[in-house]
Amino acid sequence: MTILCVRFQLPPTDEAALPELLGLLEEFTPVVEALPPDGALADLRGAERYFGRTAVELASVIRVRALARYGVDCVIGAGPGPTLARMALRDARPGVTCAVSPDSAAEFLAGKPVGALPGVGPATARTLCAYGLDTLGRVAGAPPATLQRLLGARAGRELHEKANGVDRGRVVPNAVSRSLATERPFDRDELDPGRHRRALLSAAEEIGARLRAVDKVCRVLTLTVRYADRSATTRTRTLPEPTAHTPALTRAAYGMYEALGLQRARVRAVVLRAEALGPAEEAPHQLTFDPVDERVRRIEEVADRARARFGPRAVIPGALAA
């Protein structure tokens, strides 16, 4: 087991802590792949040789340091490759690392539903289940040629290998994700456009606060509206300038929503995603000489300090909408 999949148990509004926690993993290995909002993959092959400890032993050290330094517990899965480490994570719990060895991989996978394998989407799972291949054990026992006829040559070959515990994936070092997203589900399917807009306002405020917390701005905003029949509509808008300013994000979200022209749509949830992130200090800012805009920006700074000190509920939702 040389790959760890770590999920830090962060509060929903504390994604800004992820870069520091990634730094903790980088004390053991430079091969760390961020899995925002709260996870990471770490390749410990070099660390095992250097420290003379197994990956599972190093996982215990990582857990203790995360608790001691940041007060954050974590759940860890270990495996010979990224796919098996991700699946092991699902069976792990705080304080106990779930480890899957190469010898036990096929047995570990055998009873799991085919849809549990990362990369197998709903459509692929339905196709396989229609032919009785509803578990990874049955997929592993199926002839590769059969899987290739159902899914295509490459997809069928890769699925057969993964179901048999052959994990050829690798950890790709990266920075924290270039996107941030937040979802606002409704308690029941919602028809009222006013409630839709209030949900968008709340989502835009959260996105803006999270961007400012990590000194980032976004250039692209994406809105996804999910409906009662499980369908969804997605719209993307490039902003006039990169920003983390809540009113600018709110205007863009409202504009995309209004462009959909929804007529008594039963909405189940709205999702707002900020993309194409970049450093705030490198972003151009068009001066408006608008005293109202400058006042709102100063209020944002005060609100961000209040959130940092007293938590996200310190600021009343909608307070920055003016």
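Predicted model: local features only at pLDDT ≥ 70, side-chain atom pairs only at ≥ 80, totals over all residues.
Local features are given only at pLDDT of at least 70 and side-chain atom pairs only at pLDDT 80 or more, whereas totals for chains, interfaces and linings use all residues. Residues are numbered from 1 along each chain as its sequence is written, and side-chain values use heavy atoms, with hydrogens and water left out.

The protein chain has twelve helices and nine strands, taken as DSSP runs (H or I, at least four residues, for helices; E, at least two, for strands) and numbered from the N terminus. Of its 322 residues, 44% count as buried; buried means under 20% relative accessible area, exposed over 50%, and partly exposed in between (1.4 Å probe, protein chains only). Among contacts (heavy atoms within 4.5 Å) between residues at least 6 apart in sequence, 65% join residues at least 24 apart.

In soluble globular proteins, nonpolar side chains tend to be buried together. A nonpolar core is here a set of buried Ala, Val, Leu, Ile, Met, Phe, Trp, Tyr and Cys residues joined through side-chain atoms within 4.5 Å. The largest such core has 31 residues, of which Met 87, Val 114, Leu 136 and Val 139 touch the most other members. At least two residues each are supplied by β1 (3-8), α4 (82-91), α5 (105-110), α6 (122-130), α7 (136-141) and α9 (153-163), and the largest share, five residues, comes from α4. Leaving aside residues up to four places away in sequence, Val 139 touches Val 114, Leu 133, Leu 147, Leu 159, His 160 and Ala 163. Another core, of 30 residues, lies apart from this one and includes Ala 203, Leu 239, Ala 252 and Tyr 254.

Helices α10 (residues 193-213) and α11 (residues 246-260) pack at an angle of about 145°, with their axes 9 Å apart. Axes are lines fitted to C-alpha atoms over the stretch in contact, and angles run from 0 to 180 degrees between N-to-C directions. Residues in the contact include Leu 200, Ala 204 and Ile 207 of α10 and Leu 249, Ala 253 and Tyr 257 of α11. The contact residues divide into ten nonpolar, four polar and four charged (Ala, Val, Leu, Ile, Met, Phe, Trp, Tyr, Cys and Pro count as nonpolar, Asp, Glu, Lys and Arg as charged, and the others, Gly among them, as polar).

Ile 207, in helix α10, is buried at 0% relative accessibility. Beyond four places in sequence, Ile 207 touches Leu 180, Ala 181, Thr 182, Leu 249, Leu 272 and Ala 274. Thr 182 belongs to strand β6 (residues 179-190) and is also buried, with a relative accessible area of 6%.

The loop between β9 (267-279) and α12 (291-310) holds Glu 282, which is exposed at 63% relative accessibility. The C-alpha atoms of Glu 282 and Lys 216 are separated by 9.4 Å, although these residues are 66 apart along the chain.
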